[in-house]
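Biologist: Please show me the model, and then we can go through some questions about it.

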Amino acid sequence: MKIRRVVFIASAVSIAAGAGFTAYALLTVGDGRETNVPQPAVAGAPASITDPLARGEYLARAADCIACHTVAGKEPFAGGVAFKMPFGTIYSSNITADKETGIGAWSDDDFVRALRAGVGRSGEPLYPAFPYPSYTELSREDILAIKAYLFSVPVAHARAKANELSFPFNQRWGLSYWNALFLRKERFQSAQGKSAAWNRGAYLATALGHCNECHTPRNLLYALKHDRELAGEVLQGWKAYNITSDKMYGIGSWTDQQLSDYLSKGYANGRGAASGPMGEVVENSLQYLTQEDVAALVTYLREVRPQQGEAGSEVNDHSPLALASTADTPGADELAREDRGRQLFAGDCAGCHLWNGRGRQNEAAALLGTQAVNDPEARNFTQVILQGSQLRTAHSEGFMPSFGLAYSDAEVAALGNFVLAHFGGKQSKLTSEDIAKRRSP
Amino acid sequence: MSDSARDIFIVNESRRRFLEGMGGLALAVYAGVAPAEQNRATLSSGDKKPAEAVNFAPNAFVRIASDNTVTVVSKHLEMGQGTYTGLATLLAEELDADWEQVHVEGAPADVTRYKNSLLGIQATGGSTAMANSFEQMRSAGAAARAMLVAAAAQEWKVSRDSITVERGWLYAKGHKASFGQLAAKAAQQSVPQRVALKDPKDFKLIGKPALHRKDYADKTNGTAVFTQDYKLPDMLVAVAAHPKRFGAVPMKVNAEKARAVPNVVEVVQFSGDRTRFSGIAVLARNTWAARSGRDALEIDWDESQAFKLGSAEILAQYKDMASKAGLVARNEGDTDTAFAAHNVRLIEAEYELPYLAHAPMEPMNCLVQLREGGCEIWNGEQFQTGDQSAIAAMLKVPADRVALHQLYAGGSFGRRANPSSDYLLEAVSIAKAAWDKGVRVPIKLMWTREEDTRGGYYRPAFYHKAKLALDGDGKLVAWQHHVVAQSIIKGTSFESFAIKNGIDGLSVEGLADMAYEVPNLRVELTTPDNIRVPVLSWRSVGHSSNAFVSEVLVDEAAAAARRDPYQYRRDMLRQAPRLKAVLDLAATKAGWERPLKSGAAGEKRGRGIAVHEAFNTCVAQLAEVTVKSDGSFKVDRVVCAVDCGLAINPDVIVAQMQGGIGFGLAAALHGAITLKDGVVEQSNFHEYIPLRINEMPVVDVHIVPSAEKPTGVGETAVPVIAPAVVNALYNATGKRIRKLPIADQLSS
Amino acid sequence: MIQLNINGRVRSYEDVDPAMPLLWFLRDIANLTGTKYGCGMALCGACTVHLDGQAVRSCVTPVGAVVGKMVSTVEGVGDDKVGHAVQAAWQKLDVVQCGYCQSGQIMSATVLLHTNQNPSDAAIDVAMAGNVCRCGTYMRIRAAIHEAANSLSA
């Protein structure tokens, strides 16, 4: 009899635990009730925007839905963007209100659950290429404002492309375990003792703008290393830089003006321009933030714990070779040495970029003081040379042609070694094999 | 004393209204037009002269005004190659004018007066300007001089023999008068039917290196006017949207956003054919608005009939064609038997050359003013007769109702001389479409660099398959060569100029007529019909490909025979003294017999030689290179020797050799237009790489003294540099390059 | 309405789109056609003008950005001692062929000689590498810069 009682109690406990776990899971996966509601000034769109759809649009821009859910040239939010992960390729879904191929049949709860728990309408887990680990912090009100906006954009009938993932990564149910390990399903909480601006900035950065998803390093299981917040990561050939407050490796020595310029215009005097994926972030998202919101972001970024970057990537904004150059020529010592990369720079690059590292026609073209010329691997340099760069905001239009077609791998490598040495004071050893690999990351 | 009255048109132009029907509008512009007045230049330069000003115009080529200016009318385009200077030199020499009083303007389109006698039409090309004008311009000047002398004799009542003429002044005992002072009286004299030309020993201008170009100043202060600059009141600028693929046509057009751009006035559609684009043009009051409007067009293209092959497929097709029999362009001896002989060594080689763009600094453009029953065009006009008749056909008017005003061209290299008149017809059809919508102002079509690079009409891609045989002594005894290339002239109204028995001579020039004594020589040609990439003559035409291949092949033969490449060539040029002479001159001046100075540690140095005749001019070049351990290299020096007959303007000849080498080197190092699925991959200078100053070698030019009739220099340096450099690279590294551009072939 | 200082003259212009590149403003609105269009993306240098003494590629400089600055074009560069010497040297050596790139070459050469009174061939190559010439006048450009340098130091 004793054993039966033990078994009974054990079963009861485990059933209760199971039920409790399930209840816990169900309860925290989006219900109507809010437990930790963020302060009004921290969440939501700015008070100056009153129209509900405009508020939703503002939040959708801040969350930058369009970037991942729109293929260039195709209908907005219709999905189909490819994400090449280490474990295969995932395609984003159609988030217009099409009932059959989009989210038209989704209820409010469905949508909230997707952003908070990374679960689709039918309960299937979503891959964390979709940044729900960040969106989970959003208030319900904000999520639904975004949903209302998405339901107002032109409906696109476009079926999601099938993901190309190898086993075991194509087994969605495995994500439940991943979520169990790594997903912190908590709403954003204002920090006590921090200003309203800081909290707003934190909400913008971590919940809406999900900066972490690119800028924070990931572990082997592709989860964010929260103890190294914003210390930098490499994705799809591009380096998302260290944007902690570290003075040497991060943005600690940037002025407030430089930071807010970079965020709102995409470039800053003395710090260069955003290219590639970050250029798109500025174009699609950050340029639409209000001045107050940009200032809040700056406030937050200033206090992100400093983190060291990769050895050798300290930003040097007083590279001797650049300082020895005038606008139009390098110094005599440098001239005396033959350099293939320098010869290429003289012909194709100096016209915009100048030998002293300041932009010629445009501050956006400045190279001195940028992280790109201080990364010894010259990752972003390579991508910009191969693909070109274009930045179009309400303020300005910057354009750099791509040299990938006509330049050989050896030429790109030689140019990279020159640029890093001249503007960053860095000795890099790029080879043509390095460049060849990066042509198709 | 030569008697050259036969071939010139001596009609006293002062007795007929020179600008009949033109109403005093400007011809072209010469130095001295102040920029602020440019907008009105066209209306004012005609009436710059007071109503009673007298023009003494004894023939179609010269006009002397009472203000003592001598205006030379040039039937040839000035596109940098120095024609204005050369033609003026010839005329001014015989006229005994002062060089400083001579100005040049472009001739109107009139084939009866301004025909290029070597081409049969009014056009500039084939390096024929000086050759076909040599006697004509001299006679024109001599005739004017004779009439001035007659006028002075009459005025002073002295004999003609007692009058001397020097630098714009006539003198007799106790008398002197300037050209301007005698102009009115000279106009009343009868035009001589025969004129005496100077003995070369009396030349004061011809052959003098110190003569400045006629355009040496206006091109340094912003006053030189190109088509890009020319303006007329109320003019609109048209920027066109072209399809990505040749043969595509617009299917659906949304011009709403384009029309909303401020200053955009109209949007029109134009229809092309297999020789030119169909597309949409935006017309606006200024260039930026037109371009912004064009960029805002939303066009869906119908590509069902478009050309969709890429460079890879074209090459594969050419390789296949080269392995089959072609049409025989030259057949000496019996190559098959020679190849089969015992103890011959064979060399088999295949060469690939890409499409090349002309890429002049001034992209294609032209200004059209339609009128009832005709039109006027301002253009860096290179192909008057052809363009005139094509435009007349489009407008359904007589050819003489199409007036073409010749301005400077900012480079052309052949692009503006298109038998299909593509960019002109595009401009006229845009103007026509605008006219039908009530927009009847002057319209300037401006292609952006992207349209220009992607606009087709390239130097064709060439594929060569060659087989050479050397006998036991290393002598070249047989040469079999199959060329595969599109014809640049087939299907145009000028076909019969070059195509005989199905063979386009322009595709095999330099090979079929090679000067080397090879006892067994067979040159075949296959011309594909299915490659719809538009092609055109590119500076030096077929020589640009064939000189490269033949001079590298000869070098390969010399290497196989273990012979000095200079001596090896020399031995085969016994019947070609002019070629031998330039070869010797280049080798001597370059110090061929001395060893080449070695480079720094890790560097290899080499030198190579090439010699070729094109358009009756012989050029030899010797290139010296330095190759680094990573395969990058620099061309350090080129020694160039040229025989172009009588050197009319030695400094222009030097400049054309230097410039032709720069142009040819750009192509050799970097030049390639490639296609993928029918789309041209290059659009601007980051993809079609030009030569920059830091790649330019030192060029030493040596002119062979000659009293023969002048031949051309505009193109003749171009085809020789690529083989000279490739041969030098072989000498330095032992690596033989058979594909252009050289690019980074040494690095792999 | 904007006020611009071009070649020492201040003029007002109405209805100017500040985003219009300075190149097209100069050519189409100010009627100064000496500055040329070659590529539109700062690769060829034909559009080079001076902005407060610095060489800029006017094809990528919006006209709005030059308000309050001194713009100098080839039409006015002869008023400057160095610019005048450069033009004189260009003329003395018959540098030009088609001439289309030469306005830009002269403008770049003038800036070079302002900052480097006696440039070596290597310095010339580096400073002038952004100015393309398809006619291949590079040898004479080098020689003319040396000539101008000599005449200025005499």
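Modeller: The C-alpha centres of domain 1 of chain C and domain 2 of chain C lie 21 Å apart; domain bounds come from an automatic or database domain assignment. This is a predicted model, in which local features need pLDDT of at least 70, side-chain atom pairs count only at pLDDT 80 or more, and totals for chains, interfaces and linings use all residues. Residues are numbered from 1 along each chain as its sequence is written, and chains are lettered from A and ligands numbered from 1 in the order in which they are written.

Biologist: Which element gives the largest share of the side of domain 1 of chain C that touches domain 2 of chain C?

Modeller: Two residues are in contact if their C-beta atoms, placed from the backbone, lie within 7 Å. The contact takes 15 residues from domain 1 of chain C and 12 residues from domain 2 of chain C. Strands are DSSP runs (E, at least two residues) and helices are runs of H or I (at least four), numbered from the N terminus. On the domain 1 side, β3 (48-51) and β4 (54-57) of chain C each supply at least two residues, and the largest share, three residues, comes from β3(C).

Biologist: Why does the radius of gyration of chain C agree with a compact globule?

Modeller: The radius of gyration is taken over C-alpha atoms, and the globule rule is 2.2 Å times the number of residues to the power 0.38. For 154 residues a compact globule would come near 15 Å, so chain C agrees, with 15 Å.

Biologist: Which helix of chain A gives the most to the side that touches chain C?

Modeller: The contact joins 17 residues of chain A and 20 residues of chain C. Six residues on the chain A side come from the helix that gives the most, α15 (residues 340-353).
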